[in-house]
Amino acid sequence: MHRAGDSGDGGAATRRGRRPGRDLCEIADLSPAEACAVLAAATRVLPLAEGTGARELPILRGAQILSVFSEPSTRTRLSFEVAARRLGAEVVHFVQDAASSASKGESERDALENLDAMGFDAVVVRDRRDGVPRAWTEVMRARVVNAGDGVNEHPTQALLDALTILEAFGRAPAQGAMTGLRVAVCGDVRHGRVAHSDLQLFRTLGAQCVVAGPGDLAPPELAARLGATAAPTLDDALAGADVAVMLRIQRERLGADVAIPDAASYHAAWGLTPARLRLLAPGAIVMHPGPINRGVEIADAVADGPHSRILRQVTLGVAVRMAVLARACGVELL
């Protein structure tokens, strides 16, 4: 495995003995130029992600990636694993359950230090708690990649969403590449870590962003903080939009103070239906990070229709995560 460049962290990383490469805990960890470089690298390995060319580009052969997912995940966990294996890396899964040392009273810090002592190059972490990936960078030598933390962020999802939009509109990854596009992010924005990362990255790339959701799930103050405007209804948000990103209600994260209507009522007011699809701009696309709740935030005919890029997001996610893992290990994708 050939390393490229330095760690980019200066003396602090050297003193802690951090591995070569870069962490990715939040979208703000990437400058606009760095975000575009990751997207460009993902584009170069797209045939590998699609399975239409060679099955492996072994630039990470010899690297070991630790995968730590403490909440349920299908797409993201498998996407990272496929990405790592197609670059030749070995993936080791850690499951924190009754069989782990945590059941014997071991602290999280001791567990992390012991795992890190095994010499992993990078760790991919998903956690129910906000800020866990960032905190782990202070403990581990391995580079940390955030696969979703609490209601905070999901940076690799934002990168793959941006790449999906750029591909759909025939635009190359470059600063300002989303200028002139109106993106509507609709649903549970408050608890949606995907929304938080999406809106920051889309704004950085020049998009005009609008959010909409019931009650306190898309408040104007949150929209303003994320560089978007808040629409009072779904119809207002969708009107003239080039991209509709539909989000599910994060029921597992809702407090007792949040009242959500039943599925049928929610779909009537906030679901993307074939009728509402006509509000979008000509040539618009529909996206969803999954898992989809059909008949709630999106109708079957829309999810499976010609405007949908939902499955394409999954394919592009493998390419993006290949680029992110190479970056985490300090290796350039050719």
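Trainee: Where does R193 lie in this predicted model?

Mentor: R193 lies in helix α8, which covers residues 193-204. UniProt, in an unreviewed entry, places the feature "binding site" at K104, R193 and R248.

Trainee: Why is R193 called buried?

Mentor: Buried means under 20% relative accessible area. R193 has a relative accessible area of 10%, so R193 counts as buried.

Trainee: What makes the pairing of R193 and E71 a polar contact?

Mentor: The cut-off for such a pair of N or O atoms is 3.5 Å. The side chains of R193 and E71 are joined at 2.6 Å, within that limit.

Trainee: And R248, where is that found?

Mentor: R248 is in the loop between β8 (243-246) and α11 (263-270).

Trainee: Is R248 buried or exposed, and how do you know?

Mentor: Set the value against the 20% cut-off again. R248 has a relative accessible area of 17%, so it is buried.

Trainee: Which residues is R248 in contact with, leaving aside neighbours within four places in sequence?

Mentor: D188, H288, P291, N293 and E297. One of these, P291, also turns up in another "binding site" feature from the unreviewed UniProt entry, given at R75, T76, R126, H154, Q157, G290 and P291.

Trainee: What is H154 in contact with, beyond four places in sequence?

Mentor: Its contacts are T76, R126, A147, G148, R193, V194, S197 and R321. With R126 there is also a polar contact between the two side chains, at 3.2 Å. That value is within the 3.5 Å cut-off.

Trainee: Why is α7 described as largely enclosed by the rest of the structure?

Mentor: Because 12 of its 14 residues are buried. Among them are P155, Q157, D161 and L166. Just after α7, G170 takes a positive phi of about 65°.

Trainee: What about the chain as a whole: how many helices and strands has it?

Mentor: It has 14 helices and 9 strands. Of its 334 residues, 54% count as buried. Among contacts between residues at least 6 apart in sequence, 75% join residues at least 24 apart.

Trainee: How confident is the predictor, on average?

Mentor: The chain averages a pLDDT of 91, and 90% of the residues score at least 70.

Trainee: Where does pLDDT stay under 50?

Mentor: Over residues 10-15, for which the model has 3 contacts beyond four places in sequence.

Technical notes
Residues numbered from 1 in each chain as written. Predicted model: local features only at pLDDT ≥ 70, side-chain atom pairs only at ≥ 80, totals over all residues. Heavy atoms only, no water. UniProt positions renumbered as here; feature names shortened; annotations may be inferred. Contact = heavy atoms within 4.5 Å. Polar contact = N/O pair within 3.5 Å; in protein donor to acceptor, adjacent residues only side chain to side chain. pLDDT = per-residue confidence, 0-100. Buried < 20%, exposed > 50% of the residue type's maximum accessible area, 1.4 Å probe, protein only. Helix = DSSP H or I, 4+ residues; strand = E, 2+ residues; numbered from the N terminus.
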